[in-house]
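I opened a new page for this structure. These are my entries, in the order in which I looked things up.

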Amino acid sequence: MLKSDRPYVTVVLAMSADGKIADAWRSPARFGSAQDKSHLETQISQADGVLFGAGTLRAYGSTLRVTHSDLLQQRQQQGKPPQPVHIVCSQSAQLDPNSVFFRQSVPRWLLTTVVQVDEQMPFERVITVGKGETGLDWVDALQQFRRLGLEQLVVTGGGEVVASLLGVGGIDEVWLTVCPLLLGGRDAPTPVGGTGILEGMAPRLALLGVEAIGQEVFLHYRVL
Ligand SMILES: NC(=O)c1ccc[n+]([C@@H]2O[C@H](COP(=O)([O-])OP(=O)(O)OC[C@H]3O[C@@H](n4cnc5c(N)ncnc54)[C@H](OP(=O)(O)O)[C@@H]3O)[C@@H](O)[C@H]2O)c1
């Protein structure tokens, strides 16, 4: 897949010091500081689209909107709508229509393989792709996003979506916030889920920046 055929994709995640993005019960991860939340909001404010897995939506029930006045003003100056499009990826399309997400004032898209989607869920657009080796056809999905005008895509989790995108060479940058706690648990999700990658085949990263703010470390990588 040519890079010009897909959006520029940036993953933004917070993890514990032992590399978990949530506890073993997949609770909604709320261990990032206010600084980390503001970092995530800044990244989202620069995007045309925000992509997350159904697992992430089921955990939080909502998505992070751009609310800071400076960021809203910046988007306006750039001729962008106030909120990027929020895209849920769900192969099953089994989501809770009563979740807060469906009442938030953001444009909502669904990425799925299902043709008939419950009409109770107010999606502005349903993007249907075929089934692929890693659940769904991610190459087609990314190409459709690009054709629909998404140039910058931020992925906010979880580990399964990140693993799928990595599998098709669909990630350009990764932000990881290392937070001061230890979660443990062999079943706790990590930034990259899936079945794992042999060390020799592992995508390599270049460190673009590192900053310690308060008790957290903000790591910024480019995928080589
Ligand atoms: N610390 C952080 O920054 C952070 C950020 C986000 C999430 N989290 C945590 O991560 C956990 C959720 O992450 P997760 O890794 O379990 O789930 P996830 O990646 O958010 O979502 C997994 C679901 O997304 C759909 N999906 C993902 N990849 C797919 C593929 N290749 N093909 C088809 N469908 C696909 C499937 O939905 P269906 O089952 O509907 O088909 C799958 O069950 C929660 O505990 C949350 O708190 C943490």
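**Entry 1: T177**

I looked up T177 and found it at 1% relative accessibility, so I noted it as buried, the cut-off being under 20%. The model I am reading is a predicted one. T177 sits in strand β9, which covers residues 173-179. I then listed what T177 touches, leaving out residues up to four places away in sequence. The list holds L13, A14, M15, D36, H39, E216, V217 and F218.

**Entry 2: T63**

Next I turned to T63, in the loop between α2 (54-60) and α3 (69-77). Is T63 buried or exposed? Its relative accessibility is 12%, so T63 counts as buried. I checked its side chain and found a polar contact with the side chain of H86, at 2.7 Å. H86 is also among the residues T63 touches, with F52, F101, Q104 and V106, when residues up to four places away in sequence are not counted.

**Entry 3: the ligand**

I went on to the ligand and what surrounds it. There are 31 residues around the ligand, and R26, T56, R58, S90 and T134 come nearest. I sorted this shell by class and got 14 nonpolar, 14 polar and three charged residues. Which element gives the largest share of the shell? It is α2, with six residues. At least two residues each come from β1 (8-16), α2, β7 (135-136) and α5 (159-167).

I also wrote down distances to polar backbone atoms. A nitrogen atom of the ligand lies 2.9 Å from one of I21. An oxygen atom of the ligand is 2.9 Å from one of S27, and an oxygen atom of the ligand is 3.2 Å from one of V161. Taken alone the ligand exposes 910 Å², and the protein buries 87% of that.

In soluble globular proteins, nonpolar side chains tend to be buried together. The largest core here has 32 residues, of which L51, I87, L111, W138, F145 and I171 touch the most other members. The elements that each supply at least two residues of this core are β1, β3 (85-89), β4 (108-112), α4 (138-147), β8 (152-155), α5, β9 and β11 (216-223).

Note on methods:
Residues are numbered from 1 along each chain as its sequence is written. This is a predicted model: local features need pLDDT of at least 70, side-chain atom pairs count only at pLDDT 80 or more; totals for chains, interfaces and linings use all residues. Side-chain values use heavy atoms; hydrogens and water are left out. Helices (H or I, at least four residues) and strands (E, at least two) are DSSP runs, numbered from the N terminus. Buried means under 20% relative accessible area, exposed over 50%, partly exposed in between (1.4 Å probe, protein chains only). A polar contact is a pair of N or O atoms within 3.5 Å; within protein, one must be able to donate a hydrogen and the other to accept it, and residues adjacent in sequence count only if both atoms are side-chain atoms. Contact means heavy atoms within 4.5 Å. A residue is near a molecule or strand if one of its heavy atoms lies within 4 Å of it. Accessible areas come from the Shrake-Rupley method with a 1.4 Å probe; for residues, only the protein chains shown count as cover. Ala, Val, Leu, Ile, Met, Phe, Trp, Tyr, Cys and Pro count as nonpolar, Asp, Glu, Lys and Arg as charged, and the others, Gly among them, as polar. A nonpolar core is a set of buried Ala, Val, Leu, Ile, Met, Phe, Trp, Tyr and Cys residues joined through side-chain atoms within 4.5 Å.
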